[in-house]
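This report describes selected strands and a surface patch of one protein model. Please study the sequence and the structure before reading on.

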Amino acid sequence: MARRLRCPSCMRRFRAQDISTVESASRFGVFSLRCPMCISERLVIAVWTKNSVRTYISDLDAQEWQYYRRKPPIDSDDVIRITRMMQEYDGDLSDVLEDPLFEE
């Protein structure tokens, strides 16, 4: 896997020592990739099938993965509840975002 993946920020190939296992199971693994050149970190989910390995990059870091992995899955009731809450919400969303929506 290390030979196939490149850092999306600086395009450097990852080495085996840049990869650590976050979680491992019989059909998938979750790996943390840390680029020593640009110090960026990525979480990669590898899924093993009969003849191949598919990899998926996540926006989560290893700590967030551990937190959300133990949470119940989102269901249709959650989606409906959030949609209704957003229709009734009359405030500014910049208070819940890290960055403001517009430059002030």
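How many residues lie between β2 and β3 in their hairpin, and which residue in the turn has a positive phi? There are 6 residues between the two strands, and I39 in the turn has a positive phi of about 60°. The model is predicted: local features need pLDDT of at least 70 and side-chain atom pairs count only at pLDDT 80 or more, while totals for chains, interfaces and linings use all residues. Residues are numbered from 1 along each chain as its sequence is written, and side-chain values use heavy atoms, with hydrogens and water left out.

Strands are DSSP runs of E with at least two residues, helices are runs of H or I with at least four, and both are numbered from the N terminus. Two strands pair if DSSP finds at least two bridges between them.

| β1 (residues 19-24) and β2 | antiparallel | 5 bridges | S24 and G29 |

A hairpin of 3 residues links β1 to β2. In strand β2 (residues 28-34), 5 of the 7 residues are buried (under 20% relative accessible area, with a 1.4 Å probe and protein chains only; exposed means over 50%).

E41, D59, D61 and E64 form a negative surface patch; such a patch joins like charges within 9 Å, from residues with over 30% relative accessible area and no salt bridge (a side-chain nitrogen of Lys or Arg within 4 Å of a carboxyl oxygen of Asp or Glu). D59 sits in the loop between β4 (53-58) and α1 (62-69), and D59 is exposed, with a relative accessible area of 83%.

Technical notes: Patches are made of residues with over 30% relative accessible area and no salt bridge: like charges are joined within 9 Å, nonpolar side chains (Val, Leu, Ile, Met, Phe, Trp, Tyr) within 5 Å. Accessible areas come from the Shrake-Rupley method with a 1.4 Å probe; for residues, only the protein chains shown count as cover. Lys and Arg count as positive and Asp and Glu as negative; His and the chain ends are not counted. The place of a charge is taken as NZ of Lys, CZ of Arg, CG of Asp or CD of Glu.
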